[in-house]
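Hi everyone, thanks for making time for this. I'd like to walk you through one model, so please have a look at it while I talk.

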Amino acid sequence: MEKPSSPLALLVSRMPDPDEQGMYCTDINKQKIDSAISEIHEGGRKNVIGLIDMLVPPGEGNDVKPHYALHCLAVYVCKLNDERQQRRFAETLASQLGGDRPKAVQRYLVRQLQVAGGKEVVETLGKLLTDEELCEPAAQALAAIGDGATEQLRNALPEVRGRYRLTIVQNLGVVRDAKSVGALKKLLGDEDREVRLAAAWALANIGDASSVGALLKAADAEGVYERIKATQACLLLAENLLEAGRKSEAMKLYTHLRDTRTDPAEQYVRDAAKKGLAAAG
Amino acid sequence: MQKGKEVTRRQFLKGSIGAAAAFTIVPRHVLGGPGQTPPSETFGGALIGCGGRGNGTFGELGPNVEKLAICDVKFVGRADNKKVYTDFRRVLERKDIDVVAIATPPHWHALISIAAMEAGKDVLCEKPMTRFIAEGRAVAEAEKRYNRIFQVGTFGRFGASQNESNILTHKIMKSGLLKNCKAVHIKRGGLKVKEWSGMVNAQPQPIPKSLDWDMYCGPSPLRPYHPHRFGGTHRGYWDYEGGGLADMGQHHYDPVQWTFAKDDTSPVEIEAYAPPAHPEACGMWGWVEMKYADGLTFVFDSGEWGEPYNRKEPRDVSISELDEESRKKIETMPDPEPLVRFPDAIRTRKQAGGHAAAAHRCATLLHLANIAIRTGRKLHYDPVKEEIIGDEEANRLVNQPMRAPWHL
């Protein structure tokens, strides 16, 4: 093996070597790893960038040790319980996104931001939502971070196409963005079934009372799977409305399902609606 | 339903009438029951996930389930969408399927369980029940919302709940009379840590033509294909499971959780001794200590890395720890109702012994242990809100984002 050529490389070399099976199961020395990570952290931004420089896309070289070290560092900064240091680490990772680094490397950096990032990186992550190769991990990182993510997802919706539009729609539901209700309602009529279903679920999860009629219409769909999923959205919306004190809208949903699910195969939905009505009083 | 109209098996199964009135309106010999199942009384079944555990899991559905469909993402090129499928959604659309056995890797367990119950099916799902904590709550909510039968695929609690000593412990713990519980249960070894570790240096390989890799990855990140991420060894990756701890932990702690009457709560303090975890591959750890609010302590001690656990010695609950008045109360307490096995549960519509809410609490033990290993931090958990207290980053592992179109 090549001799480490810099202080950082020397620290990285203290990460474990994979065993014969390619696993981290033999000679795993916690103290050795912890002390190396602590020293890498003391080197600040320069060392973080240096670690990132050692990363390569899968299949294009051996970056096992820096790959592991960067994740250990992300976990380490969370343990410090020092907001300033954590923010500085996240900002350093974010500064390496959107440029010329290989997309696979950027995806890995986004995943480390999902571990240790906060509101300081949501704008950078938001810019990645229009990149087909980075949209999915960026949306997941935003949903995990939560704080400040909503606006980024909302702004991206008109800009994205294809499968990644679905990603944005779904995550607007995850973050429960009430300001996206209008756009989501329009998507209930989308030609893509998955987008229609994601929009229905998002509206239900947001708990939007004005979506009752539209969701009931969706739930009466002919397609079996779509009918099942849209019905689930109706029941979820009803539960959310009841919790928010919107009893009459919830009862409208339950009543419709109780009265329309007359096929014996849908008796269980009818029963669920009856149970909901009883709970609503 | 009209009064006097014949009740078909399907109506009984799909509806709640069975739960309320089966034994008054419908003669037992028509519906069948334990030991009285007529030959014609069969359920339509499907097996989703046809790997190593598939047929064994399907067998747990009981003797009266006819296998009408099998489904696996590795059936590309041989699926006919009549008996053989690659997409579980097509299976769930079938009205003649009543019960589903799920033996996929765990990252699919919750989503398919929920989708099946949304489609009116009863579910027997392999362990571990879930990949992360929020999934378990969602499965339990679906079970309740649709009034379906759910059983996790580990059955140790059925035997444990017939043991006299366990029943006494269960009653003491259930009574709440033991205010400061000093009991310690330690699971030493048998957690297959090395066996179910992941590779840290796997290089991308061509996807087999028979495999829908995108569907396999499902809610998890779409990674480059490597055979070690598939077919049993998937257990070594956080994307799909949680190593030997997740794979074996539910087997071990399911009966223990029942014995100590912890089916409706979770530990409040979790601490791990482990080296820093790899971001994708599960690896080595030493032990994890988990304390409940009443003082009860559960421990996973891998015996495969570092110093063994030595903070506490194993200790049982004893009735002698109670005062005389409390002991008398325990003596007059009725024994718990026998747990209902899945084949009986789907006929009687009684909750299965390993139902979703209980199985979720057991899976939570494994997930909390793994979160403590992955974060390297002592965790404080709120068992009611099901959140880690004061640790936003750790909570990101409690409820993990999914790849669209999959969501809870």
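I'll start with the ground rules, then go through the cores and the domains.

This is a predicted model, where local features need pLDDT of at least 70, side-chain atom pairs count only at pLDDT 80 or more, and totals for chains, interfaces and linings use all residues. Residues are numbered from 1 along each chain as its sequence is written, and chains are lettered from A and ligands numbered from 1 in the order in which they are written.

Let's begin inside. By nonpolar core I mean a set of buried Ala, Val, Leu, Ile, Met, Phe, Trp, Tyr and Cys residues joined through C-beta atoms within 7 Å. Buried here requires 20 or more other C-beta atoms within 10 Å of the residue's own, with C-beta atoms placed from the backbone.

Which residues touch the most other members of the largest core? Those are A:L215, A:C234, A:L237 and B:A369, in a core of 194 residues. Helix α14 of chain B, residues 356-375, gives the most to this core, with 12 residues. Helices, by the way, are DSSP runs of H or I with at least four residues, strands are E runs of at least two, and both are numbered from the N terminus.

There is also a second, separate core of seven residues, and B:I172, B:M173, B:L178 and B:A183 are among them.

Now for the domains, whose bounds come from an automatic or database domain assignment. Chain A has domain 1 (1-117), domain 2 (130-175) and domain 3 (177-281). Taken over C-alpha atoms, the centres of domains 2 and 3 of chain A are 23 Å apart. Their contact takes 11 residues from domain 2 and 14 residues from domain 3, where contact means C-beta atoms, placed from the backbone, within 7 Å. On the domain 2 side, α10(A) provides the largest share, six residues.

Definitions and conventions: Buried ≥ 20, exposed ≤ 12 C-beta atoms within 10 Å, placed from the backbone. Contact = placed C-beta atoms within 7 Å.
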